[in-house]
Amino acid sequence: MPPLKKIFQHPARDAKPTLWRTQGERENSPEFAESLAREFSTDATAIDGKGSGLSRRDFTKLMGAATALTGIGLTGCRRPEAHLVPFTKSAEWTIPGKYLYYASSMPTPVGAVPLTVTTTDGRPTKIEGNPLHPASNGATDVFAQASILGLYDPNRAKEITRNSAKASRADLDAFIAQIRSAAVTNGGGGLAILVGKENSPTVERLRAEIASQFPKLLWVQDEAIPGNHAVFDALLGAGVRPVYDFEKADVILSLGSDFLNPSESGLGFAKGFAKRRDPKGKMNRLYVVENHFSLTGGMADHRLRVRASEIGDFTATLAKAIGAKLSNSSLSGHAAAYSSSGNSFDPAWIKGVAEDLIAAKGNGIVIAGSAQTDAVQALALGINDALGNLGSTVNSVQTSAKPSASLADLSKAIGAGSVKTLLILEGNPVLTAPAELNFANLLAGVPETLHLAQFADETSKVTHWHVPAAHYLERWGDARSIDGTICPVQPMILPLWNGISSLEILAALAGEKVDGPSVVRATFASLGKDGSTVSDSAWNEFLRNGFASGTAWPVSKPALNASAATSAVQSAPKISKDFEVVFLRSSSVDDGRYSGNSWLQETPDFVTKLVWDNAALVSPADARMLGIKDGDWLKLSAGGQSIEAAAMVAPGHVDKSISIALGYGRKGISHVMENVGFDAYPLRDSAKHCFRSGVTVKPLAKDSYTFVRSQDYQNMEGRNLAREGTLATFQKSPEFASEMDGELPKPTSIYPNPPLTSDLQWGLSYDLNSCIGCNACLVACQAENNIPIVGKDQIRRGRDMAWIRIDRWFSSADHKEENLEMIPMAIMCQQCESAPCEAVCPANATVHNEEGLNLMAYNRCIGTRYCANNCPWKVRRFNWFDYNERPLDELYYGPLAHKGMAESLKLSKNPNVTVRMRGVMEKCTFCIQRIEEAKISRSVKAGASDVTKTPLPAFKTACQQACPSESIVFGNINDPKSAVSEAKADPRTYSSLAYLNTRPRVTYMARIRNPNPAMPGADLVGAANRSAEQAQHS
Amino acid sequence: MSTPSTVTTNETVDPGAPDLSVLERPPQVLNHRGPLWVTDAVCSIVEGKTPLWWYAAITFTGSFAAIGGACILYMICTGVGVWGSNSPCFWAWDITNFIFWVSMAHAGSLISALLFLTRQKWSLSISRAAEAMTVFAIVCAGVYPAIHIGRVWFVWFLFPVPNSYGMWPNFSSPLLWDVFAVTSYLTVSSLFWFAGMVPDLAVLRDRATTKIRKFAYGIASLGWLGTARQWRHFEMMYVVLAGLTSVLVVTVTSIVASDCATSVVPGWHATIFPFYFMVGAVYSGCAAVLTLLLPLRLIYPQLRDLITPSQIDKVCKLLLLMGSCVGYVYVFELFNAWYSANPFERGAFWERFTGSSAWYAITCLSINLTVPQLFWFKAVRRCLPLVFLLAILCNVGMWFERFMIVTSTLTHDFLPSSWKDFHPTLVDILTATGTLGIFFTLFLLFIRFVPIMSMNELKAALPGSQPDHSNHSQPSTGEAH
Amino acid sequence: MSNFFPRWANWLPLQLLVCGLVIGGPITLGIWYYFTPKYTRVGYQPDQPVPFSHALHVKQLGMDCRYCHSFVEVAGHSNLPSTQTCINCHGQGKILPNSPRLAPVRDSWQSGQPIPWVQIHRLPDYAYFNHAVHVNRGVSCYSCHGAVNEMSVVYEAESLSMKWCLDCHRAPENFLRPPSEIFNMNWHPASPEAQRELGTKFKEEWKVNPPVSCGGCHH
Amino acid sequence: MSDQTSHIRGRFHGHHLPVAGSKEEPLYAIGARFETPDALVHAVDRLRSEGVSLYECFTPYPVHGLAEAMRLPKSLLAFLVLGGGVSAVLIALSMELIPSCVIYPLVVDGKPLNLDALPQYIPIVVALTIMIGAVTAVVGMIALGGMPRWNNPMFAWDLFAKDASRGFFLAVEARDRKFSTSALTELLHELGAGDITAIHQEAPEGK
């Protein structure tokens, strides 16, 4: 019988619920509300009218907030009225509150990243790799992980504009139609289309289509950071590209190539390379020749610092040596053809590498940086040829890439006034074009220009039309992954801001009817055997698997065109002894295409640990020579162009060389990009090499710039934190790592610990040896766990929120630059069995559960911060402000700051993870929401039967799932057969700070280097802790 | 009616007068003052017209207190982030000042309680003020634990009240110990202070002329008549409270010390901390007593016969003793770190004195190792202005010690990758000065409205105050055991 | 008169003490009851846009919970029925096609605007609850929602406070039912002893081991 | 009523005692003032030998030997405090152990959930014990001392009301079996008391 109190007569509402209308009003953008209404309906989850700071399921809250608020208003102090809004018509596949997975892919210039996208109630919330895909191990890179934020980014362009006045979709269609009709009459004369490198078969098909209709069309393809396509066409044949098999390679020489960096060369390489780093197997050896520390340089067994512009000289010298040793005339010929700038290199080094490569004949790889000169590419291939690597470790694929005009050609055409209409589909030439082209002015001269982009960026400012581009999660499409396999691009959600895809425009030009996947399906059909139609089943399989099997490019033994090689070698540019500037692909914003993404901006750079900035990296010696320190300004000028940038001293950097990442210093686009770094594009010449030689450097007397790094101290201060040894050490005493605790007290416990009862005991093993430090885990964690960003200023104050961070240690056994080593070490909550943080929490907000997890109950936390003080790894993060609810530039305004999260960002939140409020502590939870999810589905499956007899569904933590080199292994350490148990059984395993006897559930596997005894300084390799021990005893 | 304003004092008291023979104990009250004079001298401070300097002073201190309050309010509704605290230095000035104030409180209790138990008569005239200082210092200390947390509105999670969550606090947390320790310290010391004051309040009541005073002091003195029975219970209570307080002082310091000692942080994780904090506490407390009493003596000439140079001399000696203990701990800590051969321990102290925290670590050491040693010299102990100056220095030194212990340790813990330096913000600074404001405001109110000395104890100790046939050597011994 | 305080003043302390007890006691007890979910939550019975009667549909017509709350066994959320579900029976030419009380349903069906049911059972945002795992492991709707089949207008029957949850998580044997009776609102154990016996049996056979540490519900 | 004439120091007028309070009201006590603690103690001895029992002495500070002379029992306070302390220990221990070992045992820092972990519960016990002990002491002192009592017949005697902080007073209550105004007046006078006064109850409020 109900107690007859509190029967609420909520004021009667008009029969037609006003939910969506109020929603629209709140949103101030009817289109958005509409698109929401069309796309999702909420399910029976709570809509908390009170809008408490700790809010899960923000999405449904977004739906209900408006009405719920009216509830508050009308019911006064009584319980506010909240609503549940069910579907009107049930939607196919959708079970309210259950995840739905789709296979898709993210197109990038390197190649599509195969993905599985997690959607909740019709909104994509998480990106994972597609494990089925041959060229993917289910891993992803930073950019793929962060693209989820890119989708919901409230700063995206929202409307079509013509001459900066709002235009309708109809106007656009009319415009396209008019272009088409004009082209039909004059065969496309005066029409130019500028696209990026997307590897999309459909684009290729439509291009062919359009080209056949309008023969006079000018088709331009441009990338800010191009590969050396032209030279490969010459060396190996049109459209033929080399591919490398690192799993087979015993000896690898990188000539300024950062091949381990996923965003540089896809995920496959890191995976193959990592497979060969296991000291128990046949371990490979990596030589790196580079000007600045790259990920690959960090992994090197031997690293030589050489200016990027002199890598040509180095390669030639090496080629000469190898040619002589092998008495290989053609290689010697190539080498001889090189006009050296007369730089000499340590002969011992050259000899060592040469002999090692020869010893590994047929199983070596010499790989040159993708933006190196044609000469270096040719020589590298020449060496591989001479060593018989071609056909074994170095193969080639016949890509479908058709030659197209370059940006330079386009500029010429515009200059000649022969371009009347220019469609720029994605890409941002005004930012990235070489300064000497003066592209902005050229554009102004074109009568009709249209720019399709996700942001109203530099280019949009000078084009007549600006069209918001659809995010790849909003549109249909297809793309080839790095091995040529075709992957679908599926829309997970209707365009939030009516974005339009380049396919739609191209199809319209080609006169094809655009209707959902039709264009893509047509392409897919054309690939079929009969080339006519394609069966639904095949199509559905394509969509379900996320790739079309058997569409990979055939791999064959490359044939090097000797004469072309010689001429390529002769084309080597002259190198000046003066400073060079090296243009880096940013680890955070790539070539600038991601500068709007605050997750990426806040992700520390691989090596410098710099956030929200790039910097002019100079070697310590140069810094002394120029009399500058971190943050001092430099003026870099070459060929009439000059930029100003603040300098940062970079250990391990070569002298007379300055490295600076591209894609920063953009102005007036969105507040995320404001005051972030320095634009280096103006210094590039149209050769678009990765370096510019002969740059004059002048320190400026400006007050110094504030750089913020997530890690202030660079070396281990004589503490054995990250541990490494050489292959020899390992073979002598496999457990050398755990023996490094030296004189530290042996852990002892004064009383028996209460037993952890569950059959599931979670643990994690992390392999320093294969981790390349690529940050993928960081961003994956950020996406999975609703981690807020805090901005440059807060990080400067030491208020980073990342749950997993990558400590990057520099160490050098003899304290010399030459022998500097870099070791990345990921630190997340160690889930100690006897956790120091727990004892000191007065509120019992952090305790242990029966599965050995160190829990954190946000809603119990009162924020004494004692736990964090007592955490030896300092992995606990405190919400100093209301980072989720307040704008980052108003944090200090207190109650006067605007409250509330951008509506679109609410959609991006993981519904199973609480969004934390101000004043509470948070930390890595081993993705407990995934653990609970798995346990629940196990119980549901078990139903009325013994649950322990039901197997636990396989799952991974976010960081583990993202890791391209499979360095992170998570699982049940109670099960001796589990991967994690095996990993922990490895002799290299050690616990960090074992002497504290906190018994961490996270263990580390020491890094092993494989030096070549014949090399100079070989005895100083893998000795990061030797200096440590010395320091300890001194 | 007696007119207290007409109290005369003998200006010609020479501190170093030869008639003070080393053999006999110096008298508690100079110039052979009688009970009536004592009463008038003490009451006159309360009964006289409010001096202008008092108004000026309290406006000054009060405004600081107000600013501090505003900062706290701003902090609570904006976030702890308005302080300079960061990761790894999650605690900074909040806990620094908490420890500083709590420690300062201790000397008050010790001087009144421990010296009372050990029959150190010389403390009689300063004990009341010392106790008051204790209470006010705890008030200031109590401010921080209350506000420094992220979600003040949930502070009730700290108390074991049955609730609909079925959750309870974690009794193994030193912070929870703090809650209980500080609460009971505040309670006990205020009781000690007030109860001891009742008879003197009664005196004020009897001498009261205005209705308000009659009412206020009447209520406060609970109708005390000074009957033999009341005195008997009163003395018993005083002994008991003195005993309890002395134990409590040790307990509270040890508990506060275990905030550090029970953690694993190198530089904190040391068994010497309770002792460390204890001696530090008394040291800073004695310094504080001197800083407060010497100006009083200057402002109210009649007190010069009550707060005698020999007493100040004794406090200085206590200061010297405790200062030396503190110095010993410093050296011991360093030795221990070296002897542990533990790179983390060694690193912590190496960084403390070479790293970013060097400037304040060295300031702290140089003050606390040298200044108290000056009190070896009688000349220094007898030169009151100098004593005052040094006492203030000692307090500054102790504040820096707390700052060093909290901040420099946290900023250089296990992993250099997480090291970060601490920089206070304006809010930090104003909140700190705010507590200073609160402290002095309360103390000004104290000297204005209640007897700043225990008249009954003084009178009972005056020569000839007891029946000469009585064979009781000291007051209260009969009752004490 | 030189006694400043009147005689009655001497009684003041005692009087204050007594008043304190007389007033303070009830206040404490009052807060204990009236400020906790036992009171603030239980019995919340808002009016709904559509006067849907569970008593009619379940008790009299004998419909199964899962006809409308169709995903309760597979999903974390027990979904509310889509308008479609209502229309299945109440569509044109079917039951009460023109009843004015069903007007909101028809409007919703035509306009596509969902029916804004007023939420009754609300957990805080930081508490994670999963229906599927409960109903599949022997916890009946009845245990948390009460005798919904008796309610013509639904109200909140249980406090849904954390302590209330823990009571069951600590001793599930007091609530576990035969799988067949999960959705049977009329099934009641013969006696508490019988229930405990039955529950214990299930608990051991199925290895029912509900989480009692924070992580189970707060993440 | 005016009491201007009610005390003339050192002089004694036969049976015309100065009167405090209002004559209409019943006599409360006879009060007297002594110049020195010695005199007071001596007087007390004498009174006791005369068999007077209902008397009280008022001193500005604890006078030693006085209580002994009055044969006052030892103060109970110490035992009260002991009781308070012991109960505090029990309260504190149960407050800590029952929640953390019985009601909701949580694994914290791998510490045992039983008495093995007793040390961590001690500090709060100590703190609470001392606090409750101290409160008992003060409350006990106040209660045993018959306080708070803001209205007291003694205050009717203005001299006392004014000089309690200085003089040594003695009052013999009228309820005493041996009470006789004349005899007592004699005796007190003989013992060197001054300002001997008959203290009457005050007129109740409103008169």
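The legends below describe close-up views of a predicted model.

**View 1. The largest nonpolar core and the surroundings of Phe446(B)**. The largest nonpolar core comprises 351 residues, and the residues with the most contacts inside it are Met237(B), Phe273(B) and Phe446(B). When neighbours within four places in sequence are left aside, Phe446(B) is in contact with Arg128(B), Ala129(B), Ala132(B), Phe136(B) and Trp193(B), as well as with Pro451(B) and Ile452(B).

**View 2. An open sheet of seven strands in chain A**. The strands follow the order E6-E5-E17-E16-E15-E7-E8, and their pairing is mixed. Strand E6 (165–166) and strand E8 (218–221) of chain A form the edges, each of them pairing on one side only. Strand E7 of chain A, which spans residues 191–195, pairs with E8(A) in the parallel sense over four bridges, and Leu194(A) stands opposite Val220(A) in E8(A).

**View 3. Helix H19 of chain A against the sheet**. Helix H19 (residues 502–510) packs on the sheet and touches E7, E8, strand E15 (421–425) and strand E16 (448–453) of chain A, while the direction of the helix makes about 145 degrees with that of E15(A).

**View 4. The interface of chain B and chain A**. The contact draws 64 residues from chain B and 65 residues from chain A, and the area buried between the two chains is about 5,100 Å², of which carbon and sulfur atoms give 56%. Three salt bridges are found across this interface. In a salt bridge between Arg865(A) and Asp94(B), the side chains meet at 2.8 Å, N to O.

Methods
Residues are numbered from 1 along each chain as its sequence is written. Chains are lettered from A and ligands numbered from 1 in the order in which they are written. This is a predicted model: local features need pLDDT of at least 70, side-chain atom pairs count only at pLDDT 80 or more; totals for chains, interfaces and linings use all residues. Side-chain values use heavy atoms; hydrogens and water are left out. A nonpolar core is a set of buried Ala, Val, Leu, Ile, Met, Phe, Trp, Tyr and Cys residues joined through side-chain atoms within 4.5 Å. Buried means under 20% relative accessible area, exposed over 50%, partly exposed in between (1.4 Å probe, protein chains only). Contact means heavy atoms within 4.5 Å. Two strands pair if DSSP finds at least two bridges between them. Helices (H or I, at least four residues) and strands (E, at least two) are DSSP runs, numbered from the N terminus. Axes are lines fitted to C-alpha atoms, for helices over the stretch in contact, and angles run from 0 to 180 degrees between N-to-C directions. Buried area is the accessible area (1.4 Å probe) that two parts lose on being put together, summed over both. A salt bridge is a side-chain nitrogen of Lys or Arg within 4 Å of a carboxyl oxygen of Asp or Glu.
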